[in-house]
Amino acid sequence: MLTIHHTSEHSLLCLAVPPAELSKQQQIWAVAEQARAQENVVEVVVGMNNFTIFHNLLANSNTLISTIQQLWQNYQAQVSQAPRLIEIPVHYGGEFGEDLFEVAKFHNTTAEEIIRRHTEPTYTVFMIGFQPGFPYLNGLPENLHTPRRDVPRTKVPAGSVGIGGSQTGIYPFTSPGGWQLLGRTELPLFNIQHNPPTLLSAGDNVRFVAESITL
């Protein structure tokens with residue numbers, strides 16, 4: 001089921017029923033791509049369990065809603081090529097992972113075990129958001145789900161790898177942020193000279209690799 005709301009005179013928010021799951025996110029990616037090809041659609045922005053359609057004022061929004069609902073209902077999962085796998089080298093702990101020991105304390109375990117749990121899975125990029133190139137990664141083990149900090153930092157360095165609730169992600173740029181920081185990568189996630197400028201895209205697979213560990 002897909003719920004569609006007007007969010008302005010030229011945009012529609014399309015919401016899937018929670019929770020966010022890989023199969024549902026794959027359906028969102030496919031239908032969003034089909035929506036981009038519709039007449040008078042200007043852009044489609046994919047979110048977590050949702051996507052937003054921006055259209056020009058020539059579009060009949062009721063007709064567009066009907067078309068999107070039909071695309072959603074007619075979706076059939078396709079066998080696709082294996083997604084890209086990108087390895088992210090991370091310096092865990094020390095000045096780069098200021099919250100590593102707090103996260104270990106929260107889970108009643110050691111910092112080494114937190115790093116093991118974080119580097120073990122293969123994650124999937126569900127969406128890019130918050131900052132250009134910031135990946136929201138699905139696949140964080142339940143035994144690593146950690147609440148955000150009570151007081152966000154005013155400055156989180158670029159490349160910081162953190163946990164926010166049930167997700168893990170990477171800050172492409174220095175900014176305020178409230179995620180628990182485990183480490184930092186030197187790999188740039190955004191480069192305006194590249195096409196596309198973002199290192200990661202929705203659907204990519206990601207693995208974290210411990211480049212160094214400071215305890």
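How many residues of domain 1 are in contact with residues of domain 2? The answer is 8, and they meet 8 residues of domain 2; contact here means heavy atoms within 4.5 Å. The views below start from that meeting place and then move on to other parts of the chain.

A word on the model before you zoom in: this is a predicted model, in which local features need pLDDT of at least 70 and side-chain atom pairs count only at pLDDT 80 or more, while totals for chains, interfaces and linings use all residues. Residues are numbered from 1 along each chain as its sequence is written, and side-chain values use heavy atoms, with hydrogens and water left out.

View 1. Helix H1 supplies the largest share of the domain 1 side that touches domain 2, namely 3 residues. Helices (H or I, at least four residues) and strands (E, at least two) are DSSP runs, numbered from the N terminus.

**View 2. Two cis peptide bonds.** The peptide bond from Pro-18 to Pro-19 is cis, with omega near 5°. Pro-19 sits in the loop between strand S2 (11-16) and helix H1 (22-36). Another cis peptide bond joins Asn-195 and Pro-196, where omega is about 0°. To find Pro-196, go to the loop between strand S12 (180-184) and strand S13 (205-214).

**View 3. Two asparagines with positive phi.** Asn-40 has a positive phi of about 75° although it is not a glycine, and you will find Asn-40 in the loop between H1 and strand S3 (41-46). At 21% relative accessibility, Asn-40 counts as partly exposed. Asn-49 has a phi near 70°, again positive in a residue other than glycine, and lies in the loop between S3 and strand S4 (50-55). At 7% relative accessibility, Asn-49 counts as buried. Buried means under 20% relative accessible area, exposed over 50%, and partly exposed in between (1.4 Å probe, protein chains only).

View 4. In helix H4 (residues 111-119), 7 of the 9 residues are buried, so H4 is largely enclosed by the rest of the structure. The buried residues include Ile-114, Ile-115 and His-118.

**View 5. Ile-213 in strand S13.** Ile-213 belongs to strand S13 and, at 45% relative accessibility, counts as partly exposed. Leaving aside neighbours within four places in sequence, Ile-213 is in contact with Tyr-92 and Ile-115. The C-alpha atoms of Ile-213 and Gln-34 are separated by 44 Å, with these residues 179 apart along the chain.
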